[in-house]
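Let's take a friendly walk through a protein model. Please have a look at the sequence and the structure, and then read on.

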Amino acid sequence: MKVILNIVMFYARVLYFISTRLSTWIALTLYWPFIKAGHKIAIEKGLTVRQLMFRDKKLQIILKGNNSIGHHTDIQGTGVLNIGERSSCGAYCVFGVNELIDIGSDVMIAHAVTFRDTDHVTTSIELPMRQQGIFSAPIIVGNDVWIGHGAIILKGVRIGAGSVIAAGAVVTKDVPPYSVVAGIPAKIMRSR
């Protein structure tokens, strides 16, 4: 029984390896104008890259190396997404980048995390919000950060090195280095 289980596990690992290599090649070929990739990149199936047409800037995705992108991740906008070495994101993540999202090295991003560096202007009640434009501010994530499942990181936020963002947290303000934050909006729970 143990031998059969080992054979099945080996077969599953081989299939995953082949599938990931194939989907990485497809993503890098399909989105070559947008992605600059270092070595040892793994992109699972279903990556979507959407250049928004309302600005004259071009979306840029820079993967520094040893990165993995989970399945059905969505990257959209007109800005620059930098992902540092050995950083990864889980499945169903969303990166809305019209200015800059800069993710450091050794960052772990769980499934369904959303980054948005842009908001709509809503000051006038005379004009539809769609016609009022947008404003953006960079998101900077330091090295060795862990961002839990379903967290949302909003425009203008800096997350210090070594911090932990709890699952489901909505980060609207800067997070000092080596802090653990949780809640809506996220608040410091303790230091590491």
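Asn-67 touches Lys-40, Ile-41, Ala-42, Ile-83, Gly-84, Glu-85, Arg-86 and Ser-87, leaving aside residues up to four places away in sequence; contact here means heavy atoms within 4.5 Å. This is a predicted model, in which local features need pLDDT of at least 70, side-chain atom pairs count only at pLDDT 80 or more, and totals for chains, interfaces and linings use all residues. Residues are numbered from 1 along each chain as its sequence is written, and side-chain values use heavy atoms, with hydrogens and water left out.

Where is Asn-67 placed? You will find Asn-67 in the loop between β4 (60–63) and β5 (68–69); strands are DSSP runs of E, at least two residues, numbered from the N terminus. Asn-67 counts as buried because its relative accessibility is 2%, and buried means under 20% relative accessible area with a 1.4 Å probe, protein chains only. A polar atom of the Asn-67 side chain lies 3.3 Å from the backbone nitrogen of Lys-64.

Now for the cysteines. A disulfide is a pair of cysteine sulfur atoms within 2.5 Å, and by this rule the count is 0. Cys-89 is in no disulfide, as the nearest cysteine sulfur, that of Cys-93, is 4.3 Å away. Cys-93 counts as buried because its relative accessibility is 0%.

How values were computed:
Helix = DSSP H or I, 4+ residues; strand = E, 2+ residues; numbered from the N terminus. Buried < 20%, exposed > 50% of the residue type's maximum accessible area, 1.4 Å probe, protein only. Polar contact = N/O pair within 3.5 Å; in protein donor to acceptor, adjacent residues only side chain to side chain.
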